[in-house]
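Here is a short briefing on one protein model. Look at the sequence and the structure first, then work through the points by topic.

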Amino acid sequence: MAGKPFGNARRRGQGQLEAQVLAALHHAPGPATAAWVQERLGGDLAYTTVMTILSRLRTKGAVTRERAGRSYVWTPAADEAGLAALRMRRVLDGEPDRDAVLTSFVSALSAHDEQLLRTLLDRASAEDPVPGADPEARGG
């Protein structure tokens, strides 16, 4: 039962392959085998390539796996928004000047996105105070 392929026959870069594998997993009816993913990608990739991409995604925290007989089944670790957030955190973690990156990012936000970010930060600080911090010292 072949489904609609998520890839194409041209050579793909690692980032593109990872995105296609994640897209296939997001469309899976449940945890999927590497063979199922390979089939959804159009079959032009070697099984070992699919396994390598899945393993890299697991190392990055983007997918999880569990034993199913002698092999594994794979599941996205988060929804697509959560995975985008993970990628954003990875980019930020890889930059030597986090302050400059965040400043540049925030200054380029639309008015709507800036207001949403303010609302989310306010809500997060109200719900999750810093553990062990003195509320008086934080002005609260």
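A polar contact is a pair of N or O atoms within 3.5 Å; within protein, one must be able to donate a hydrogen and the other to accept it, and residues adjacent in sequence count only if both atoms are side-chain atoms. The backbone oxygen of L45 and a polar side-chain atom of Q38 make such a pair, 2.7 Å apart. This is a predicted model: local features need pLDDT of at least 70, side-chain atom pairs count only at pLDDT 80 or more, and totals for chains, interfaces and linings use all residues. Residues are numbered from 1 along each chain as its sequence is written, and side-chain values use heavy atoms, leaving out hydrogens and water.

**The nonpolar core**

- In soluble globular proteins, nonpolar side chains tend to be buried together.
- A nonpolar core is a set of buried Ala, Val, Leu, Ile, Met, Phe, Trp, Tyr and Cys residues joined through side-chain atoms within 4.5 Å.
- Buried means under 20% relative accessible area, exposed means over 50%, and partly exposed lies in between (1.4 Å probe, protein chains only).
- The largest nonpolar core has 21 residues, and V21, L25, V37, V50, L54 and L57 touch the most other members.
- Two or more residues each come from α1 (14-27), α2 (34-40), α3 (47-59) and α4 (80-93).
- Helix α1 gives the most, with 5 residues.
- Helices here are DSSP runs (H or I, at least four residues), as are strands (E, at least two), numbered from the N terminus.

- L25 lies in helix α1 and counts as buried because its relative accessibility is 3%.
- Contact means heavy atoms within 4.5 Å.
- Beyond its neighbours within four places in sequence, L25 is in contact with A32, V37, L54, V63, W74 and P76.
- L25 and P76 are 51 residues apart in sequence, yet 6.3 Å apart in space, C-alpha to C-alpha.
- Q38 is found in helix α2 and is buried, at 18% relative accessible area.

**Salt bridges**

- The structure holds 4 salt bridges, each a side-chain nitrogen of Lys or Arg within 4 Å of a carboxyl oxygen of Asp or Glu.
- One of them joins E18 and K60, with the closest N and O atoms 2.9 Å apart.
- This pair links distant parts of the chain: E18 is in helix α1, and K60, 42 residues away, is in the loop between α3 and β1 (63-68).
- E18 is buried at 9% relative accessible area, while K60 is partly exposed at 28%.
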